[in-house]
Amino acid sequence: MPPLMYGTAQLTARLEPWMEDLLADPLLCQELIKQYGSPLNLHDFTPMSRNITELREAAAEHDVDFQIYLARKANKTLGAIDQAVAQGCGVDVASFHELDQCLKREVPADLLIVTAAVKSSALLKLAVEKNVVLSLDNVDEALELLDVAAQSGHRVRVALRLASTNPTIAPTRFGLRAEQWLEFLRSEERTESLEVCGIHFHLNGYSGEQRAVLLHESLTLIDALRNQGHAPQFVDMGGGIPMSYLDDAAQWAEFWKALADLPEGDESLTWKSDRLGANGSQPSSAVYPYYQQLIRGEWLGRILGTTPGEDNQSVAQMLNERGIQLRCEPGRTLLDGCGLTLAEVAFTKTRSDGVPIVGLHMNRTQCRSTSADFLVDPILLQSATPRRERIPGSGFLVGAYCIEEELILRRRFEFPQGIAAGDLVAFPNTGGYLMHIIESASHQLPLANNLRRGSQGWVRDDIDSMILS
Ligand SMILES: *Cc1c(COP(=O)(O)O)cnc(C)c1O
């Protein structure tokens, strides 16, 4: 039997067992929506343990001392922090409140790193007071930190964010070049106030080769810092560890081919014939590579075995020879399998020119990341009491913001048994970024609630009751 809903060019989601259990119980889903509103973010963090284990096993195979910090910006729930810490991981925080909430959750200072791109004075002070490592981005920030350090009376722990000078790596706004950091640290007063614990970088994209190059550069900088009298102990390679939302490589290739073959203006696959940034039949770089073959442990293992320098030493050997711990800050890949978003169908109608549309009680910031679209097919849960008779057909999902381009997803979907107000649409695997990274409460529509599955069933995550000021 075909699914009740699928992309006109199909991209079938990989589901976790907890998702299958939940979707097999549409009555429960309806009850949750009635109680907590639409859309609703549902979490089960058990898959995070598997994701962590895959990474750790790859590091252990190379005898590398290894630690994982969950990038909190990828999912705001406190349940995600609890799960990471219960598994012995740390948390990478990107703002005062992200840090403050972790500290109040009793995450130990040693299991935290502050990587915020712009750091408020309140954030610098809190990190110094609690002895949390700060990843330094620039000289102005470092000078402000030195002022805070002078008032605190103790040395401040920092990692230096390294910007590569390798010509194969794109220019970055983040961090400084190695020689800029060495120059900054030449002053004795600065060296006395700052304890340089490690080197940090984070790259765009998912290239293992580029990360091997940066690891090599980081270790070269560590050698220079040791010569200047510092004692760095780790290299933190940031995030960008790939995962795969889809199981079927052929579907992924066929989707891009079908899109490339469409005549201009043809809306049979996407709204207004959107190419999603593609040029020809290759996957667009404007979307996340939703299908990937080399992921997590295998991807990390390859990097550790790479020999990026001239001396034929592998990354693992270079780390081990220096007694350096490797750290990483995965967001998306740790949250793989941990979330799902449910939304209720508000109406079905046609655009003024007859194109069928399906309105959801949801807006487009509630399933969106920096990727041009979420290329995973949602799942339809039929209501036992639809408002109208369902008529087989296809259409686009639109949302609540008063904008013509308010599409929940840009792809067209088939509904072989129809769809009606009162039905539910489930977006699988939205736990990494898709729920939270750009969600907004525009039009005074409240943010979605967040639930987590515990031993007693579905419970609210405490993040929704926290008021920021
Ligand atoms: C966003 C970010 C991460 C997480 O990236 P993922 O792609 O989710 O793994 C890690 N570190 C830093 C500094 C980041 O900005």
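A polar contact is a pair of N or O atoms within 3.5 Å; inside the protein, one atom must be able to donate a hydrogen and the other to accept it, and neighbours in sequence count only through two side-chain atoms.

Ground rules first. I'm looking at a predicted model, where local features need pLDDT of at least 70 and side-chain atom pairs pLDDT 80 or more, while totals for chains, interfaces and linings use all residues. Numbering runs from 1 along each chain as its sequence is written, and side-chain values use heavy atoms, without hydrogens or water.

Ligand. I looked up what surrounds the ligand and got 14 residues (a heavy atom within 4 Å). Lys 73, Gly 240, Glu 329, Arg 332 and Tyr 433 are the closest.

I found a ligand oxygen 2.8 Å from a polar backbone atom of Gly 240. With Glu 329 I noted a polar side-chain atom, 2.6 Å from a ligand nitrogen. The protein buries 88% of the 390 Å² that the ligand exposes when taken alone (Shrake-Rupley method, 1.4 Å probe).

Domains. An automatic or database assignment sets the bounds: I have domain 1 at 6-44 + 337-453 and domain 2 at 47-242 + 293-328. Their contact (heavy atoms within 4.5 Å) takes 16 residues from domain 1 and 9 residues from domain 2.
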